[in-house]
Amino acid sequence: MSLSQLAPIADILAALGVILSLIFLAYELRQNRKQSELANWRDLLESLSNFKGLSNNLDFAEFLERAERDYDALTPAEKRAFGMYLEQGIHIIGNFVKHNDTIPNKLVGMEGALQSLLRDLLNNKGARTWWIETKPKGRFMPQTYVMVDTVLDQYNKV
């Protein structure tokens, strides 16, 4: 067999090598995307856990109880602290909603839980008063306003 007869076979083998390399690359990219999504979810879960853990401090929990009952009775510093607490919660929950399309199958149903969590965070007299005061300031993304208003409209009770 001459070298000119082996050339087409070598070309076919080279093409197969390129195809196999591309298939392997696609597989690796898919695996990396999955790992990135899972890392993102772990970070979101950790931020939510840390946020919820703030109320483990009894002094802070008592402050939250006062703020939820009567926002207007708070000092300016307390209003700022309560507002930052609520903003942090809204942003964390908003991140979950934003990444909802990357939820692993085992976490299906998370959307209802997130709405419930947001409702629990904001469905009190103090938070509603804060929202009315804060909303015109424009510190959130447009979709965040829709999300918060939708939850508050669904549970229009104090």
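Let me begin with lysine 52, which counts as partly exposed because its relative accessibility is 47%, where partly exposed means between buried, under 20% relative accessible area, and exposed, over 50%, with a 1.4 Å probe and protein chains only. Lysine 52 is found in helix α1, and helices here are DSSP runs of H or I with at least four residues, while strands are E runs of at least two, numbered from the N terminus. Between the C-alpha atoms of lysine 52 and tyrosine 71, which are 19 residues apart along the chain, the separation is 20 Å.

Before going further, a word on the model. This is a predicted model, in which local features need pLDDT of at least 70 and side-chain atom pairs count only at pLDDT 80 or more, while totals for chains, interfaces and linings use all residues. Residues are numbered from 1 along each chain as its sequence is written, and side-chain values use heavy atoms, with hydrogens and water left out. The pLDDT, the predictor's confidence in each residue from 0 to 100, has a mean of 87 over the chain, with 92% of residues reaching 70 or more. Confidence is lowest in α4, at a mean of 84, and highest in α2, at 96.

Now to the core. Which residues have the most contacts inside the largest nonpolar core? They are Phe82, Ile90, Leu118, Leu121 and Leu122, in a core of 30 residues, a nonpolar core being a set of buried Ala, Val, Leu, Ile, Met, Phe, Trp, Tyr and Cys residues joined through side-chain atoms within 4.5 Å. Two or more residues of this core come from each of α1, α2, α3, α4, α5 (125–134) and α6, and the largest share, seven residues, is given by α3. In soluble globular proteins, nonpolar side chains tend to be buried together.

Leucine 121 is in contact (heavy atoms within 4.5 Å) with Phe51, Tyr85, Leu86, Gly89, Ile90, Ile93 and Ala127, once residues up to four places away in sequence are set aside.

In helix α3 we also find isoleucine 92, which is buried, because its relative accessible area is 7%.

Finally, the pockets. A pocket is an open set of points on a 1 Å grid over the protein atoms alone, where a 1.4 Å probe fits, with protein on both sides within 12 Å along at least five of seven lines, and lining residues have an atom within 4 Å of a point. The largest pocket has a volume of about 370 Å³, and of its 18 lining residues, Gly94, Val97, Gln143, Thr144 and Met147 lie nearest its centre. Seven of the lining residues come from α3, the largest share.

The second largest pocket has a volume of about 230 Å³, and the residues lining it include Lys52, Phe51, Tyr85 and Leu121, so that lysine 52, where we started, returns here.

Conventions:
Points joined across faces, edges and corners; volume = space filled by probe spheres on them.
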